[in-house]
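Welcome, and please load the model in your viewer. We will go from one selection to the next and look at what is there.

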Amino acid sequence: MSMLPPSTGRQEAEAVARNVPDERYDRVVRLAQAIFGAPIAALNLIGNGSQFTVASVGFPKGEIPVEDSVCGVTVQSDEILEVRDLREDERFASIPAVTGAPRARFYAGVPVRGQSGQNIGALCILDLTPRTLGRQQREMLADLGALLERELAVQEEMDLAGQVQQLMLPTSAPDIAGVEVAGRVQPAREAGGDYFDWFVVDDPNGGGKRLQVVLGDVMGKGLAASLIASEVRAVLRGHSRYTDVGDAITRTSMTTRHDLEANDRFSTLWVGRLDPSTGALDYVDAGHGLAIIASAQGYRRLYQEYLPLGMPVEDTWTKATDVLQAGELLVVVSDGVFDVLDDSFDEVEARLDAILEPGLSCRQIVDRIVNFAVTHDATDDVTAVAVRLTA
């Protein structure tokens, strides 16, 4: 017996099922179980040949063949499916949940739509004895299904925002000789306020091509932080084409101030502009404080006592200078990394051997830093950028 929703719904269900965050829908399922006094409640998504239980009480999460599913029938209409006794319904009498554990008898399920408008799954309750829902109970089940639809819509929007944000990050090496660079963002949620960037600019004083490297962190997590981070990134790119890094940040602050203040946000920034031929490095630290140049002899911080963008106090930003020597590594991280180091630069020096292990590329160094933070239960977005001279 075929138990599949329309094809557009099946693809969407599979995509959602494979990207479900922990606990996202569990509270609604727990609420359904409590309201109806049923031993089992679940949100099941119906894909191509499989049912995915993504949230449940009294039933294991996981994947089963769709032919063993009652929800596979529920999604084929827009009405609540109620079966007083599954053993007396020839469609379901022989499925494992009826013939074996948990030996379900009663089923009620409401179809749940996805962003495509197609039914992609069902919120269901199961009992071990036959029963019948009253009119108000059916209305409550429909209301809970609608609540899950809103949760699914929010989740899909967040997933899309995260994908768009990742697509905006640099994916290839900059078009400038003599430099190796790599960066990586690991958001705490689907999208976040961290970002990195690099691009080539002309020296405003006529000194040739420069590589500009940026790491920004907008306060907060989620969609709002990611939108503002995208705005700050775009504005800084525009202003950086025509002026030095200090003026670029000052102008970016003026352009974005209204949106940052209106959303009660601020953005830290670290911006460096490197001359690959000499290693000369101009930089501005706008409230970030998490950049170092590391070598086998230790590290030196590239730090200034400036405020982030979006603060209610006026500030101006003036560039500082350093020189990146052969054999040295420029590393900039977000505070998600420092959270697992107890905000201590002493631990940075203790870990320099691992960062500067001979033969590691900038990509391997960045991956090592981010993976370290993630495996040590970082709760914030985690970002790292590494730069070294190759000539």
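Start by selecting E82, which counts as partly exposed because its relative accessible area is 23% (buried means under 20%, exposed over 50%, partly exposed in between, with a 1.4 Å probe and protein chains only). A word on what you have open: this is a predicted model, where local features need pLDDT of at least 70, side-chain atom pairs count only at pLDDT 80 or more, and totals for chains, interfaces and linings use all residues. Residues are numbered from 1 along each chain as its sequence is written, and side-chain values use heavy atoms, with hydrogens and water left out.

Helices (H or I, at least four residues) and strands (E, at least two) are DSSP runs, numbered from the N terminus. R138 is partly exposed too, at 30% relative accessible area.

Stay on helix α5 and pick R135 and E139, which lie four residues apart there, about one turn of the helix. Their closest N and O atoms are 2.9 Å apart, in another salt bridge. Is R135 buried or exposed? At 59% relative accessibility, R135 counts as exposed, while E139 is partly exposed at 41%.

Next, select R91 and D89, whose side chains also form a salt bridge (2.9 Å, N to O). D89 is buried at 16% relative accessibility, whereas R91 is partly exposed at 32%. The structure holds 19 salt bridges.

For the sheet, show the strands in the order β7-β16-β15-β12-β13: this is an open sheet of five, with antiparallel pairing (two strands pair if DSSP finds at least two bridges between them). At its edges are β7 (179-186) and β13 (298-301), each pairing on one side only. Zoom in on β7 and β16 (382-389), which pair in the antiparallel sense over eight bridges. Where does R184 find its bridge partner in β16? The partner is A384.

Notes:
Salt bridge = Lys/Arg side-chain N within 4 Å of Asp/Glu carboxyl O.
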